[in-house]
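Student: I have a structure to go through and would like to take it feature by feature. Can we start with one residue and its surroundings?

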Amino acid sequence: MQKYSKKFIGEFLLEKGMVSRDQWDQAQLEEQRTQESLIRIFLRLGFVSQEVMADFIAAQTGMPRLELDNMMIAPDLAKIVPEELARKYQVVPVVKVGHSMICAMVDVFNIHAMDELVLKTGLTIEPAVATENEVRKAIDALYTMRGDMDGAITTLDSEKQDARDVEEADVIRLEEGNDDRPVVQFVNTMITKAVSDGASDIHVEPEEQALNVRFRIDGMLHQQSMPPKRFRAAIVSRIKIMANLDIAENRRPQDGRIQMQIDERRIDIRVSFLPTVYGENVVMRLLDTSNISLGLEQIGLEGENLLKYRRLLDRNSGIILVTGPTGSGKTTTLYSSISTINKPELSIVTIEDPVEYRLPGIRQTQVAPNVDLTFATGLRTILRQDPDVIMVGEIRDAETATIAIQAALTGHLVLATLHTNNAAGAVTRLMDIGVEPFLLSSSVIGVMAQRLVRRVCRDCQGKGCKGCNSTRYKGRTGIYELMSFDEKVRELVMRKASADELNRTALASGMQSLFDNGMDKVARGITTKEEVYRVTQQD
C-alpha cells in the first residue's frame, strides 16, 4: 500500500493512455484550485468512469474489488461504524471477522479515514475498492431508508390513523416541527433519492385517485413510487414549511427556496406550487452547487468548435450569443465561458434570473423586478461598475439588447443567451424585436446554438445496468453549431437577409450544423442517433 499513492495512480493512468495529456494537465490545474485528489477530479470531470477507476486501482494495488450491489451487509455493522463517519469518508463496513473488518472505500488512499476508523472501532481495517455509487447506495441501505422510497412509503402506509383525518392531523404535527413524522421522512427520502439519481427536477403531481411522483433525469421524466393519496396535503405542506411558505394558502401560485446539506453537498432547491383541479402541483428544481462542471471540454465543446469559441472568448469586445430552447444548457455554457476567462486582471459582472451557481471572483447580481432591478436597469448600473466582461442571463427585449450592444461597442465583452432554435435565428430574432441591422453587424462576433443529448452509459456501453436504471443512458453532453461573424455574414445582416440565407452562407463557410455535430458524437459512441434526432427534429 505504501508503494502506491493517488499521484502514482494518476501518473499510471496517463502512462497507460487511459487519460490524455490534456486531461492530465487540466486535472493538475483543478487539483491546485480545489485541493481535491487527482482520482476524484478524474471521476468528477468524467475522464474515467467509476467502474474503470475502481477496477484499475484494485488491479494495481492488489486490494479486493467489491461489487456492493450484489452483497448483503449485516445490519449490526451499522453499530460499529457511525453513520456520520461512513458518510464523511464514503466508507461502508462490509464484514467483520474477529478483530478485523473489511471496509469498502471510494478513496483507499485516505490515511485520515483509515486512522479514524481504527480509532472509532478499535479494529484492524482492511480496505477494499468500490465505486462511489455503490458505496452511497450501501450506506443508504445500511443506515437509513433515505435511498429507499418504497420503504418510506411503507412507513407512511403503516400509519393507523383514520384516512378521513390523516391529512389535517399530519399538517398540524408538521407545524409543531416534529421531524420524526413519516411524512417528514418521506419528503427527505424523496429529495435525497432525487439527488442521488442525478435528477434536475422533482414533480409531485396530484391526480384524481393518486399522488404521482416523477424525477427528471438527463432531461427525461421517470416515474417513481407513489405515496398514498391521503397524505397529499401533508406532503405538500411539509415542502411549503421547508420553503418558508404559507401552508394555508392553496388557491394562488407560490414560489420558494430550500437549502439542504446532503452527504456534504449543498443543494439549492427552487420550489413552485401551482393550484390544479385535484390539488397543488409541486415542481422542485434541484441545483447541486458542488457538482457543476465548468470546463468547456466537460460540457461537450471540442475540436474546431472549441478552438473557434476560445478565440471569441479571447476578444476584448463584442457580443457572444448562446441560443437554444429552455433546458438546453445555455446558462451552464455561460458559466463555463466566464470561468474559462476568469483571471485577477479582469472584472467580470453578471446579471441573472436567478443566480443558479455562485462563482468565486465574479460579481453576480440577481434580477428583482419588485425593486425595479430588471435586466435592462441592472445592465445600465453594471456599465458604471468598470467591468471588462459582462454576462447577461437572457436578452428578452429591445431595451436590454440595445444596452448590451452599446456595452460591446464601448469596449466590453458581453455574453448573453437568447431563445432561438439555431444560430442564424438569433440574428433575425433581434431584428424582429427592433434592433437595427447595422448595430448587430458591428457588435455581434459570434452566435452558438446548442442542445443537450443523453450520453450512452459508460459502465454498460448502452446495454442497460443498475447504474443507468436500465435506460442505457447516463449523463448528458452538448452538441453545438457556432456561427462566426465573418464579412459574408455581416453583409447579409446589413441587408436583413433571412435566417435560411444566413444559415446556408454560414454552412458554406465551414459551420458545422447541430445535427452533424451530434452525428459525429454518434460515430464515436458518445450518444445515439435517436437522441440526436430527438433534440434536433424541430430544425
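**Contacts, cysteines and a sheet**

Tutor: This is a predicted model. Threonine 350 touches Ile338, Ile362, Arg363, Gln364, Thr365, Ile382 and Met391, leaving aside residues up to four places away in sequence.

Student: Is threonine 350 buried or exposed?

Tutor: Threonine 350 lies in strand E11, residues 348-352. Buried means under 20% relative accessible area. Because threonine 350 has 0% relative accessibility, it counts as buried.

Student: Which side chain makes a polar contact with that of threonine 350?

Tutor: Threonine 350 lies in strand E11, which covers residues 348-352. At 2.6 Å, its side chain makes a polar contact with that of glutamate 352.

Student: How many disulfides does a search of the whole structure find?

Tutor: A disulfide needs two cysteine sulfur atoms within 2.5 Å. The sulfur of cysteine 457 has its closest cysteine sulfur in cysteine 460, at 3.6 Å, so it is too far for a bond. For cysteine 468 the closest cysteine sulfur is in cysteine 465, at 3.8 Å, also too far. The search of the whole structure finds a disulfide count of 0.

Student: What is the strand order in the open sheet of 3 strands?

Tutor: The pairing in this open sheet is mixed, and the order is E1-E2-E3. The edge strands, each pairing on one side only, are E1 (91-97) and E3 (124-129). With 3 strands, the order reads E1-E2-E3.

Student: Which residue in E3 is the bridge partner of methionine 101?

Tutor: Strand E2 (residues 100-105) pairs with E3 in the parallel sense, over 6 bridges. The bridge partner of methionine 101 in E3 is isoleucine 125.

Technical notes
Residues numbered from 1 in each chain as written. Predicted model: local features only at pLDDT ≥ 70, side-chain atom pairs only at ≥ 80, totals over all residues. Heavy atoms only, no water. Helix = DSSP H or I, 4+ residues; strand = E, 2+ residues; numbered from the N terminus. Buried < 20%, exposed > 50% of the residue type's maximum accessible area, 1.4 Å probe, protein only. Polar contact = N/O pair within 3.5 Å; in protein donor to acceptor, adjacent residues only side chain to side chain. Contact = heavy atoms within 4.5 Å. Pairing = 2+ DSSP bridges.
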